[in-house]
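Please read it with the structure open.

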Amino acid sequence: KTHTLTGSDSEDGIVQCTFEALFDAIAKSKDRNYMLRISYVEIYNERVRDLLSESVADLPIYENKDGVAQIEGLKDVVVTEKAEEGANINKSLLALSKVVSSLADNQKFIPYRDSKLTRILKPSLGGNSKTVIICCVAPFSLSETNSTLKFAKQAKKIITRPVVNEATDDGLLSKYLREIELLRSELEVNCKLQWLKYYLRIRKSNFLRKRKRKTTRKNEVENNERN
């Protein structure tokens with residue numbers, strides 16, 4: 001799973017390929033403004049951790065006014081699940097399997113609240129999203145491979161109907177545009193400071209080099225006069 005997501009030194013993974021395709025599409029669209037947000041979250045032993053932060057704290061989950069589970073401080077979530085043995089891991093995977101089966105069978109009640117994993121994945125599995133599920137199989141474990149393929153078969157039955165999300169709040173859009181402009185200004189200032197530091201470092205290096213040459217010449221002249 002790790003290789004599939006992050007790749008290796010010689011081959012990009014899904015994360016790198018997705019970013020490349022995303023920014024290529026944005027570069028080709030000159031008449032629109034885009035705002036991108038990303039979060040990278042791990043759920044392990046029913047604990048939610050922000051992988052982009054040095055903190056290892058268990059992040060709380062709450063539901064917004066639309067009943068969608070969100071992680072405190074995060075909105076757009078990419079979830080990875082470490083598949084290791086343990087009661088909590090099995091609980092998450094079992095809950096995910098139940099949710100997928102319920103969605104595939106078009107049941108009225110979907111048990112999203114059985115685990116943190118399924119609560120967070122609710123918009124991706126049964127909401128307004130285009131979702132890709134990657135199932136990893138191994139030839140040395142036929143029973144696990146068989147279970148994984150059965151899960152994949154069930155997941156393929158799920159039908160989502162995503163629609164384009166459009167920004168209708170001009171005030172919110174203006175706020176984001178102001179934040180982008182502020183970040184751009186800060187970036188320009190930082191670039192200028194870096195350039196100034198580089199310029200001063202070069203000037204200092206040149207000054208020391210010239211002073212060294214001058215001192216060397218002076219010493220040579222004094223030695224010649226003594227001789």
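1. Terms for exposure. Buried means under 20% relative accessible area, exposed means over 50%, and partly exposed lies in between (1.4 Å probe, protein chains only). On this scale D58 is partly exposed, at 31% relative accessibility.

2. Basis. This is a predicted model in which local features need pLDDT of at least 70 and side-chain atom pairs count only at pLDDT 80 or more, while totals for chains, interfaces and linings use all residues. Residues are numbered from 1 along each chain as its sequence is written, and side-chain values use heavy atoms, with hydrogens and water left out.

3. Layout. The protein has 6 helices and 5 strands, in the order α-α-β-β-β-β-β-α-α-α-α along the sequence. Helices (H or I, at least four residues) and strands (E, at least two) are DSSP runs, numbered from the N terminus.

4. Of the 227 residues of the protein, 20% count as buried. Contact means heavy atoms within 4.5 Å. Among contacts between residues at least 6 apart in sequence, 48% join residues at least 24 apart.

5. Core. The largest nonpolar core has 19 residues, and V48, I71 and L103 touch the most other members. At least two residues of this core come from each of β1 (40–44), β4 (69–71), α3 (87–104) and α4 (116–126). A nonpolar core here is a set of buried Ala, Val, Leu, Ile, Met, Phe, Trp, Tyr and Cys residues joined through side-chain atoms within 4.5 Å. Leaving aside neighbours within four places in sequence, L103 is in contact with I110, Y112, L125, G126 and I158.

6. Salt bridges across the chain. The structure holds 3 salt bridges, each defined as a side-chain nitrogen of Lys or Arg within 4 Å of a carboxyl oxygen of Asp or Glu. One of them joins the side chains of D58 and K116 (3.3 Å, N to O). D58 lies in the loop between β2 (47–50) and β3 (61–63) and K116 in helix α4, so the pair ties together parts 58 residues apart in sequence. Another joins R113 and E63 (2.2 Å, N to O). This pair also links distant parts of the chain, with R113 in the loop between α3 and α4 and E63 in strand β3, 50 residues apart. R113 is exposed at 57% relative accessibility, whereas E63 is partly exposed at 38%.

7. Salt bridge within a helix. R184 pairs with E181, the closest N and O atoms being 2.7 Å apart. Both residues are in helix α6 (residues 170–226), and because they are 3 residues apart, about one helical turn separates them. R184 is partly exposed at 40% relative accessibility, as is E181 at 42%.

8. Surface patch. V15, F19, L22, F23, Y34, L36 and I38 form a nonpolar patch on the surface, with about 590 Å² of accessible area together. F23 is found in helix α2 (residues 14–28) and is partly exposed, with a relative accessible area of 46%.

9. Helix α5. Helix α5 (residues 142–155) has 14 residues and reaches 20 Å from its first C-alpha to its last, close to the expected 20 Å. The expected span is 1.5 Å times one less than the number of residues. The buried residues of α5 are T145, Q154 and A155.

Key:
Patch = residues over 30% accessible without salt bridge, like charges linked within 9 Å, V, L, I, M, F, W, Y side chains within 5 Å. Areas by Shrake-Rupley, 256 points an atom, 1.4 Å probe, with all protein chains shown as cover.
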